[in-house]
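Let's take a walk through a protein model together, one step at a time. Please have a look at the sequence and the structure below.

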Amino acid sequence: MNFTETAWKVFNQSIEDYHVSDDVNTLINNPFEKNTLERILYAKNWIDTVQWHLEDIIRDENIDPAEALLLKRRIDASNQHRTDMVEFIDSWFLNKFENITPKPDAKINTETIAWAVDRLSILALKVYHMSLEANRESASEEHRANCQAKLDVLLTQQEDLSTSINQLLTDIENGDVKMKVYKQMKMYNDESLNPILYQKGQQK
């Protein structure tokens, strides 16, 4: 089993486990051993899955504004946690390939391994939920057909993205691509960088 096959399997296990209770407040119960890549991937997708459903909840037109504000702040915190986890995965791969010497003409990829993995994790959620819609008995036949067509596209995207990630890993191992890690430098959650936050602090 190659890397993306493993990742896809772990992501889907996380999604299935979440939907046992289907509750954004359910605590993660990671089944994988500590210090394994599978445990990291499971934790990554759990963050994505909870956030997926938080995004659904906040779009309720009848939501109480105070509750919506709390949810928005929870989503912001989740986004930061997601970014931190992606950068942690990149660091994991950086350590894995630390003894690889890139060739003099090695290329630099526009996207790191972990951010590609992030897209694969989100894609697993899209496939799961689109599959539900394509098979929802209460929906019209036209709705199910439209969703099945979209699901087919998503599955093609999964195949293409998986191939691309595996090729990138091979290229790094062979020294054809230089492994680099780029920090996202999120500013909106930082009280020293977000002018709304630091100007408010100066006014006290």
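Are Phe 3 and Phe 93 buried or exposed? In this predicted model, Phe 3 is buried, and Phe 93 is buried as well.

These two residues also form an aromatic pair. A pair of rings like this is described by how far apart the centres are and by the angle of the planes. For Phe 3 and Phe 93, the centres are 5.4 Å apart and the planes stand at 85 degrees; an angle over 60 counts as edge-to-face, so that is what we call this pair. Phe 3 belongs to helix α1 (residues 3-21) and Phe 93 to helix α3, 90 residues apart, and the pair links these distant parts of the chain.

Now compare another pair. The rings of Tyr 42 and Trp 46 have centres 6.2 Å apart and planes at 20 degrees, so this pair is stacked. Tyr 42 and Trp 46 are four residues apart in helix α2 (residues 37-58), which means about one helical turn separates them. Tyr 42 is buried, with a relative accessible area of 1%, and Trp 46, at 8%, counts as buried too. The count of aromatic pairs comes to six, and ring pairs join Phe 3, Trp 92, Phe 93 and Phe 97 into a cluster.

Let's return to helix α3 (residues 65-96). Its axis and that of helix α4 (residues 113-134) come within 8 Å and cross at roughly 130 degrees, so the two helices are oblique to each other. The crossing is right-handed. Among the residues that meet there are Ile 89 and Phe 93 in α3, and Ala 114 and Trp 115 in α4. The residues of this contact divide into six nonpolar, one polar and three charged.

Terms used:
Residues numbered from 1 in each chain as written. Predicted model: local features only at pLDDT ≥ 70, side-chain atom pairs only at ≥ 80, totals over all residues. Heavy atoms only, no water. Axes fitted to C-alpha atoms, helices over the stretch in contact; angles between N-to-C directions. Parallel < 35°, antiparallel > 145°, perpendicular 65-115°, else oblique. Left-handed = near helix turned anticlockwise from the far one by under 90°. Contact = heavy atoms within 4.5 Å. Nonpolar A, V, L, I, M, F, W, Y, C, P; charged D, E, K, R; others polar. Phe/Tyr/Trp six-rings, centres within 6.5 Å; stacked < 30°, edge-to-face > 60°. Buried < 20%, exposed > 50% of the residue type's maximum accessible area, 1.4 Å probe, protein only.
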